[in-house]
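Please read the following briefing beside the sequence and the 3D view.

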Protein chains: 2
Amino acid sequence: MTSQHIPGYGLGHPDTAASPLNEDDLDLLKTTLLISEGDLQALRMAGEVLDDQVENVLDVWYGFVGSHPHLLRYFHGANRQPDAAYLGAVRARFGQWIRDTCAARYDQAWLDYQEEIGLRHTRARKNRTDGIQAEMPLIHLRYLLAFVVPLTLTVRPFLSRKGHDAEAVDRMAQAWFKAITLTAVLWTRPYVPAENF
Amino acid sequence: MTSQHIPGYGLGHPDTAASPLNEDDLDLLKTTLLISEGDLQALRMAGEVLDDQVENVLDVWYGFVGSHPHLLRYFHGANRQPDAAYLGAVRARFGQWIRDTCAARYDQAWLDYQEEIGLRHTRARKNRTDGIQAEMPLIHLRYLLAFVVPLTLTVRPFLSRKGHDAEAVDRMAQAWFKAITLTAVLWTRPYVPAENF
């Protein structure tokens, strides 16, 4: 499935939100996150390594969410049961997020889409993209941020499955950690008063 | 210097803020962060390893902040120059935070102090503890969150300096990553409307 055929996918789409940050702001964040040219190369290598494993990675993440009621409830419909259509629609975009994260296209369109993804975790836009009547009006920020840890640690085994040596796997894993932290930081933006971000 | 003699240090003090979270909320966060009993043991081992290296760790972190104007400005006085007394006062508490993080005392008093530390990064309490007239009224949330990456990656070399094998160093480094992410998540609380956190 190419990204153009994923329902609700919005990188570069005209109806995607605008980020209040510009590419200079992004450069300062990248510096703070120690993101180097070497990390961008490692991310692209990770993208090749993960490309045919994306569904396996998602299986692990969905298994984690599905086994914890305090996480699964964010995917409940109004009947307080998991909504399979909603879980599936998010899953397709979640897989594309893995690919986009590894592509590390850090331009204004990418920044704008991070703002859009952030908004879709808040009351402003959660459930709208997929037309869901959901139990939860938002993803609480503490879990969105905490997810950096499982999403960092569970990817490492997949990075080691294509014959790269330990040093290369370390580089990919570290770059992945930095890159997903960058997205989590940017997704935090719509949760906070603008002056606090 | 024992923690009781650090100006402004407030774990267990009566004038420390109260957290809106309780220990059940904390357990759910710890689960989401994959924090296990093994991590608590690894954190305590890290505490022993780092104990006599805390000043060296702080030298690295202060070197990082000091070499980046967009970070150093948070330590400026009203004259837009770095305030040495402020930098020093924060440094003593920052060192104690390393020790407290490794002690992993996850009780209500610890939760309350995380709320206090969070508040001290916002307009509500930044600069008050040390009586500073500062250029910046708050630490912008995006940099507070981004700091998890340099504070994770720069500690690893120190964890390997006391003769532990690579597997033990990995366990300590991973537990440290989880534990500092937990504090960063909790410090985010005062930045956001209560219903969003």
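A residue is called buried when its relative accessible area is under 20%, exposed when it is over 50%, and partly exposed in between, with a 1.4 Å probe and protein chains only. By that scale R156(A), with a relative accessible area of 34%, is partly exposed. This is a predicted model, in which local features need pLDDT of at least 70 and side-chain atom pairs count only at pLDDT 80 or more, while totals for chains, interfaces and linings use all residues. Residues are numbered from 1 along each chain as its sequence is written, chains are lettered from A and ligands numbered from 1 in the order in which they are written, and side-chain values use heavy atoms, with hydrogens and water left out.

**The interface of chain B and chain A**

- Taking contact as heavy atoms within 4.5 Å, 39 residues of chain B are in contact with 39 residues of chain A.
- The area buried between chain B and chain A is about 3,400 Å², and carbon and sulfur atoms give 72% of that area; buried area here is the accessible area (1.4 Å probe) that two parts lose on being put together, summed over both.
- The rule finds 14 residue pairs in polar contact across this interface, both residues being at pLDDT 80 or more, where a polar contact is a pair of N or O atoms within 3.5 Å; within protein, one atom must be able to donate a hydrogen and the other to accept it, and residues adjacent in sequence count only if both atoms are side-chain atoms.
- On the side of chain B that touches chain A, at least two residues each come from α1 (23-32), α4 (69-72), α7 (141-146), α8 (148-153) and α10; helices such as these are DSSP runs (H or I, at least four residues), as strands are (E, at least two), numbered from the N terminus.
- Helix α10(B) gives the most to that side of chain B, with six residues.
- The residues on that side divide into 24 nonpolar, ten polar and five charged, with Ala, Val, Leu, Ile, Met, Phe, Trp, Tyr, Cys and Pro counted as nonpolar, Asp, Glu, Lys and Arg as charged, and the others, Gly among them, as polar.

- In α1 of chain A (residues 23-32), the buried residues include D25(A), L26(A), L29(A), K30(A) and T32(A).
- These residues cover an arc of only 160° around the axis, which puts them on the same side of α1(A); the arc is that of the directions from the helix axis to the C-beta atoms.
- The cover over the buried residues of α1(A) includes α6 and α10 of chain A, together with α3, α4, α7 and α8 of chain B.
- At the start of α1(A), a side-chain oxygen of N22(A) reaches to within 2.9 Å of the backbone nitrogen of D24(A), and just after this helix L34(A) takes a positive phi of about 60°.
- K178(A), found in helix α10 of chain A, is buried, with a relative accessible area of 5%.
- Not counting residues up to four places away in sequence, K178(A) touches L33(A), L34(A), I35(A), D39(A), V149(B) and L153(B).

**Salt bridges**

- A salt bridge is a side-chain nitrogen of Lys or Arg within 4 Å of a carboxyl oxygen of Asp or Glu, and the count over all chains comes to 30.
- The side chains of E115(A) and R189(A) form one of these salt bridges, at 2.2 Å from N to O.
- This pair links distant parts of the chain, 74 residues apart, with E115(A) in helix α6 (residues 108-119) of chain A and R189(A) in the segment after α10 (166-188) of chain A.
- E115(A) counts as buried at 5% relative accessibility, and R189(A) counts as buried at 15%.
- D170(A), which is partly exposed at 39% relative accessibility, meets R156(A) in a salt bridge of 2.1 Å, N to O.
- In chain B, the side chains of K162(B) and D52(B) meet in a salt bridge of 2.6 Å, N to O.
- Between chain B and chain A the count is two salt bridges, and R123(A) and E195(B) meet in a salt bridge of 3.6 Å, N to O.
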